[in-house]
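Please open the structure in a viewer and show the side chains. The stops below are given in the order in which they may be selected.

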Amino acid sequence: MACRPEPGAAVHPSVLRNAEARLRVWLPRWSWLDASPVATSAELNQLFSIFVRRLAEGFRAGDPSLYLSYAGTRFRETAQAFGMKEEQIRANFLRPW
């Protein structure tokens, strides 16, 4: 059973650094595969925590605009993988449950 951190408490989640999967379908080369490695640091962890907190605050308030402004690559590559248009993927994300 998971427990919630106290409001305002710093959260330090574990990070999966390597993973491998073999898929039976052809997928395009994901852009993140060509990204430069980033060394972890306390400063980077703090920046990441702030960013995730701001994303969560936006979602909690019903405002996904911060996520949408950074998720363009995700929408483009998901659309390509599923043979859909980027606008469809974005609309599916924004569709109420």
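Select Arg29 and Asp34: in this predicted model, the two form a salt bridge whose closest N and O atoms are 2.9 Å apart. Arg29 is exposed, with a relative accessible area of 55%, and Asp34 also counts as exposed, at 55% relative accessibility.

A search of the whole structure finds three salt bridges. For another, select Arg22 together with Glu20; here the closest N and O atoms are 3.5 Å apart. Arg22 is exposed at 75% relative accessibility, and Glu20 is exposed at 68%.

Next, select Glu86 and Arg90, a salt bridge with its closest N and O atoms 3.4 Å apart. These residues lie four apart in helix α4, so about one helical turn separates them. Glu86 is partly exposed, at 24% relative accessibility, as is Arg90, at 25%.

Now display helix α4 (residues 86-94) with α3: the helices pack at an angle of about 115°, and their axes are 8 Å apart. Their crossing is right-handed. On the α3 side, the contact includes Gly72, Phe75 and Ala79, while α4 contributes Glu86, Ile89, Arg90 and Phe93.

Finally, select Glu77, within helix α3 (residues 72-82). Beyond its neighbours within four places in sequence, Glu77 is in contact with Trp30 and Ser31.

Methods. Residues are numbered from 1 along each chain as its sequence is written. This is a predicted model: local features need pLDDT of at least 70, side-chain atom pairs count only at pLDDT 80 or more; totals for chains, interfaces and linings use all residues. Side-chain values use heavy atoms; hydrogens and water are left out. Helices (H or I, at least four residues) and strands (E, at least two) are DSSP runs, numbered from the N terminus. Contact means heavy atoms within 4.5 Å. Axes are lines fitted to C-alpha atoms, for helices over the stretch in contact, and angles run from 0 to 180 degrees between N-to-C directions. A crossing is left-handed if the near helix is turned anticlockwise from the far one by less than a right angle, and right-handed if clockwise. A salt bridge is a side-chain nitrogen of Lys or Arg within 4 Å of a carboxyl oxygen of Asp or Glu. Buried means under 20% relative accessible area, exposed over 50%, partly exposed in between (1.4 Å probe, protein chains only).
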